[in-house]
Amino acid sequence: MRTAKATAAAVTVALAAGAASVAAGRLASGAALKTAPGRPLPTEPRLTVHATAAGRVTLTRHLAALRPGVYGLAGDSSHAVVGPVLDSADHSADTVVRRLERVTHGTLERRDKVWFTPSLHVGNPRDALGLDHADVDIPGELGPLPAWFVPGVRDTWIIAVHGLGTTRELPMNVMEFLHRQRFPVLAPAYRGDLGAPRSPDGLNHLGETEWRDLDAAIRYAMSHGAGRVVLHGWSTGAAMALRAAADSGLRARISGLILDSPVLDWPTTLRALAAAHRTPGALLPLAVRAAQGRTGLDRDRTAEAVRLTVPTLLFHGPDDTLAPWEHSRRLADAHPNLVALHTVRDAPHSAMWNADPKAYEEALRRFLTPLM
């Protein structure tokens, strides 16, 4: 009798522990899958503004504050643009001085908490860049998807789709360049974005379902005068573009792909997001399995890569901690006649343009010229 009771007690404890582990894994997966657009990624540190002066801002010394290039500097109610570290400035052991290009929204005050963002612009193409645009609605499977359309004279359209932690403001980084090349540009929102329908489960699927909203944008472009399209995607937007090139009913009208920081290995990205939310290491495998069960993320992203048939430009670098660069390098190695990899160092996820805008745009120009 005692043995039976002891066994029953052990089973009860094991079941309780198992249930607790499953619940903890589900909680951790939810943290990873609820990345809000326009909010800092959990991997992005909060920095303190220590001082501002004409043309300069002093920030907490951190590897993030030392990144080369130009970035947005966002706070809870502010946005500014910062340029490179000022070598001529007096830097303390705890601070870094960068060039302050402009304050685009709100005010930048001492003691403010801020974070780096790849998005330089806020608002819309007209207010931020002086570009005429139309606000349009794309019919999506869950409802209307708001989008900006900047007209151009070419019949090849660029469809620019953002990714994790950003909004359709991110494509404005390259919109002026694309407008100078006379490309029409369509920048859509997709499920989960502000003004767009919510995903039925309220979760980010890392492109697994969101790609259908990009497919809707392709259909919209075709029905409004586009002859062909080039898909320019960042992060999960790049994964959506790769999926559309493989599975869209209009894939024959896709003439090229531009993939910036593509999420090709979703388990690694999920683990990184969950770890950044301080999920204990022992729970990370459970978080990945829970995410798989909740979102259907069981596809091997290399399946789309194997079927790649259009010219592709990859922007990626070894300092991306969310989407491993090695997968982009393997994709380029597997398709040497189709894929060009532009390696960008010292740039975080989705910020390949920010590290060196001129080099990024020159690579774009060379890639797009034969597709015009």
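Author: Axes here are lines fitted to C-alpha atoms, for helices over the stretch in contact, and angles run from 0 to 180 degrees between N-to-C directions. This is a predicted model, in which local features need pLDDT of at least 70, side-chain atom pairs count only at pLDDT 80 or more, and totals for chains, interfaces and linings use all residues. Residues are numbered from 1 along each chain as its sequence is written, and side-chain values use heavy atoms, with hydrogens and water left out.

Reader: How many helices and strands are in the chain?

Author: Both kinds of element are DSSP runs numbered from the N terminus: helices are H or I with at least four residues, strands are E with at least two. On that basis the chain has 11 helices and 14 strands.

Reader: What share of the residues in the chain is buried?

Author: Buried means under 20% relative accessible area, exposed means over 50%, and partly exposed lies in between (1.4 Å probe, protein chains only). The chain has 372 residues, and the buried share is 54%.

Reader: Among contacts between residues at least 6 apart in sequence, what share joins residues at least 24 apart?

Author: A contact means heavy atoms within 4.5 Å. Of the contacts between residues at least 6 apart, the share that joins residues at least 24 apart is 74%.

Reader: Is helix H3 parallel or oblique to H11?

Author: H3 covers residues 172-180 and H11 covers 357-368; their axes come within 11 Å and cross at roughly 40°. Angles under 35 degrees count as roughly parallel, over 145 as roughly antiparallel, 65 to 115 as roughly perpendicular, and the rest as oblique. So H3 and H11 are oblique.

Reader: Which residue classes make up the contact of H3 with H11?

Author: H3 brings Asn173, Val174, Phe177, Leu178 and Arg180, while H11 brings Tyr360, Glu361, Leu364, Arg365 and Leu368. Ala, Val, Leu, Ile, Met, Phe, Trp, Tyr, Cys and Pro count as nonpolar, Asp, Glu, Lys and Arg as charged, and the others, Gly among them, as polar. The tally is 6 nonpolar, 1 polar and 3 charged.

Reader: Is the crossing of H4 and H5 left-handed or right-handed?

Author: H4 (residues 211-223) and H5 (residues 236-247) pack at about 65°, with axes 9 Å apart. A crossing is left-handed if the near helix is turned anticlockwise from the far one by less than a right angle, and right-handed if clockwise. The crossing of H4 and H5 is right-handed.

Reader: How many nonpolar, polar and charged residues are in the contact of H4 with H5?

Author: Trp211, Leu214 and Ile218 of H4 meet Met240, Ala241, Arg243, Ala244 and Asp247 of H5. By class, that is 6 nonpolar, no polar and 2 charged.

Reader: Is Arg111 buried or exposed?

Author: Arg111 sits in the loop between strand S5 (95-105) and strand S6 (113-117). Its phi is near 80°, a positive value in a residue other than glycine. With a relative accessible area of 62%, Arg111 is exposed.

Reader: What about Ser261, buried or exposed?

Author: Ser261 also has a positive phi, about 55°, although it is not a glycine. The residue lies in the loop between strand S12 (254-260) and H6. Its relative accessible area is 0%, so Ser261 is buried.

Reader: Which residue takes a positive phi just after H6?

Author: Helix H6 spans residues 266-276, and its buried residues include Trp266, Pro267, Leu270 and Leu273. Just after H6, a positive phi of about 65° belongs to Arg278.

Reader: How far apart in space are His79 and Gly106?

Author: His79 lies in strand S4 (residues 79-85). At 7% relative accessibility, His79 is buried. Among the residues it touches, beyond four places away in sequence, are Leu73, Val103, His105 and His121. Gly106 is 27 residues away in sequence, and the C-alpha to C-alpha separation from His79 is 6.6 Å.

Reader: What separates the C-alpha atoms of Glu109 and Ser78?

Author: Glu109 is in the loop between S5 and S6. It is partly exposed, with a relative accessible area of 42%. Glu109 and Ser78 are 31 residues apart in sequence, and their C-alpha atoms are separated by 9.5 Å.

Reader: Which residues does Pro40 touch, not counting those up to four places away in sequence?

Author: Pro40 is in the loop between helix H1 (2-33) and strand S1 (47-53). Its C-alpha atom is 9.4 Å from that of Gly75, 35 residues along the chain. Beyond four places in sequence, Pro40 touches Arg46 and Trp115.
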